[in-house]
Amino acid sequence: MNSDLYKIIRILLENGPTTIDELAYLQNVSRRTIENRIKNLSQILKNIASIIKRGNSYSLSICNYNVFYQMQYKYLKSGLDIDDPEEKSICIIYELIKQTDYISIDDLADQLALDRRSISKSIASKENYLQLYSAKVIGKQGKGIKICFKNEAMILLLLRNIMTLKRNYIDSDRFKTIYASLDKKFTDKTKLKEIILNILVLEKIRNCHGQVEDKMPFFEPLWNKENVEIQALVSWLEVHFLGLTSTEIMFLLSPLNLDKNIYTNETKVDQLFNENRKLVYSSLKKSVINCGLNTDTVYYKIKWHILFLINRCILRKKINETLPEETAEKYPVAFEFALSLAQIIETKYHVKVSLGEINYLVLYFQQYITELNTEKINFAEKIAIIKDLRNSANDYLAKIIKKNLPKAKIVVFNQRQDLLKDNGDYLFVISKMPFVYKNIPVINPNLLFKRERFTAVVTISLIQNILP
């Protein structure tokens, strides 16, 4: 039964005999729509209640009070906003996850107080969503439908996200009991609460499907297994869950992979930093290097964010930040880098990088382009220009530089060899012909006329200059 049909029942129960015009007005639909809904409702209520028409009015006659009120109870117990298609779909997936075998659509409809058509439509609308978890809903004639996963570990991630979204699926009493047991064993209470949520998820999956043995693809634990608190927690978990698998342990402790915390294994993190460096460099070559920037400097500033971005994607963990729109137009250099990196991450880890993650990465990268803009006037940096242009062109370049860096000292060299002989340190070098000079960016004069790219060069060069 959907909400439109349920509203007709409530109106007839509360108002008694009601004309078709009144029903149409109260539901803001046509008379014909009301007639169709009453016809559908009569089929659903067969042998439970009857909708009787007298003249132009309808009234409700209940035949079996116990079944009728039980039906209403199921509808209300679901705690579901049936008018919200997204919430309806999540509720259906949640019920399918709990099933140990096939369930008929009729039985599922009864459990959720929905109609068959609504269930089929909701499942179809979530096909792409389920693909993110390597899952799909399959049907078998005579048996019904069920949800299947190519990798069992994905069922944990999907249920975790559903229970995070729908807090009413969490047994609060059970949560408090586990928290009381682990409170003195774990210092970081925020992480402890996230781990307890995972414990509740695993309890549900164990009750329905048993052990989870498939490995989580590409998952690398970042916590220190020798940490006393970690060892105490794992010992408690092994007692609580008989035959606890390595995949289940990794899932339960996975919140420790999402930010730097007191349990982080620095050696493991450094190892992943080195692995991610190659990944990120291929993106930087398409954007940062085009600006003449040093890739080591850029990676140094964003390596933690990249590490946790990858882990969020692997764990299908959504970010909650509300981000501004039109980042591509506002920050083209940062967007070029973020989009390229997202594509590489998706290919390597077989995940989907959300638009929110891309925008977040754009802003994270962009902050190094903007954070020194207000400070850069305080730097009296030297900038070298190779005199391979006309004097008037060199003067114009100097004006552009002074506009962005009023205190900058500009040193002009007649040719590259003079700069090499000078061997001085500069914020960056401007030259029509590219060459390598120490670890300092050498940029083309044309870049100065592209405001966004030039700002990136200036700012990140300043960052590079002040790093130890």
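**Reading contacts in a predicted chain**

Modeller: The side chains of K438 and D425 meet in a salt bridge, at 2.9 Å from N to O. Keep in mind that this is a predicted model.

Biologist: Where in the chain do K438 and D425 lie?

Modeller: K438 is in the loop between β8 (429–430) and β9 (442–443), while D425 is in the loop between α20 (416–422) and β8. The two are 13 residues apart, and the pair links distant parts of the chain.

Biologist: How do I read accessibility for such a pair: is D425 buried or exposed?

Modeller: The cut-offs are under 20% relative accessible area for buried and over 50% for exposed, with partly exposed in between. D425 has 56% relative accessibility and therefore counts as exposed. K438, at 40%, counts as partly exposed.

Biologist: How many salt bridges does the structure hold?

Modeller: There are 11 in the structure. One of them joins the side chains of K268 and E220, at 3.0 Å from N to O. K268 lies in helix α14 (residues 266–287) and E220 in the loop between α11 (189–209) and α12, so this pair ties together parts that are 48 residues apart in sequence. K268 is at 18% relative accessibility, so K268 counts as buried. E220 has a relative accessible area of 35% and is partly exposed.

Biologist: Which helix holds both E95 and K98?

Modeller: Both are in helix α5 (residues 85–98). They sit 3 residues apart, about one turn of the helix, and their side chains meet in a salt bridge at 3.3 Å, N to O. E95 is buried, with a relative accessible area of 11%, whereas K98 is partly exposed at 32%.

Biologist: Which residues are linked in a network of salt bridges?

Modeller: K191, E194 and D259 form such a network.

Biologist: Let us turn to helices. How should I read their packing?

Modeller: Two packed helices are described by the angle between their axes and the distance between the axes. Take α5 again, with helix α7 (residues 116–125): their axes come within 9 Å and cross at roughly 90°. Angles from 65 to 115 degrees count as roughly perpendicular, so α5 is roughly perpendicular to α7.

Biologist: Which residues in α5 meet α7?

Modeller: On the α5 side they are K88, S89, I92 and L96, and on the α7 side S118, I119, S122, I123 and S125. By class, the contact of α5 with α7 has 4 nonpolar, 4 polar and 1 charged residues.

Biologist: At what angle do α10 and α12 pack?

Modeller: At about 135°, with the axes of helix α10 (residues 172–182) and helix α12 (residues 228–240) 11 Å apart. The two helices are therefore oblique to each other. The crossing of α10 past α12 is right-handed. From α10, the residues R174, I178, S181 and L182 meet L233, W236 and H240 of α12. Sorted by class, that contact has 4 nonpolar, 2 polar and 1 charged residues.

Biologist: Now a single residue. In which strand does V429 lie, and is V429 buried or exposed?

Modeller: V429 is in strand β8. V429 is buried, with a relative accessible area of 0%.

Biologist: With which residues is V429 in contact, leaving aside neighbours within four places in sequence?

Modeller: They are A384, I386, L419, F435, Y437, I440, P441, V442 and I443.

Key. Residues numbered from 1 in each chain as written. Predicted model: local features only at pLDDT ≥ 70, side-chain atom pairs only at ≥ 80, totals over all residues. Heavy atoms only, no water. Axes fitted to C-alpha atoms, helices over the stretch in contact; angles between N-to-C directions. Helix = DSSP H or I, 4+ residues; strand = E, 2+ residues; numbered from the N terminus. Parallel < 35°, antiparallel > 145°, perpendicular 65-115°, else oblique. Left-handed = near helix turned anticlockwise from the far one by under 90°. Contact = heavy atoms within 4.5 Å. Nonpolar A, V, L, I, M, F, W, Y, C, P; charged D, E, K, R; others polar. Salt bridge = Lys/Arg side-chain N within 4 Å of Asp/Glu carboxyl O. Buried < 20%, exposed > 50% of the residue type's maximum accessible area, 1.4 Å probe, protein only.
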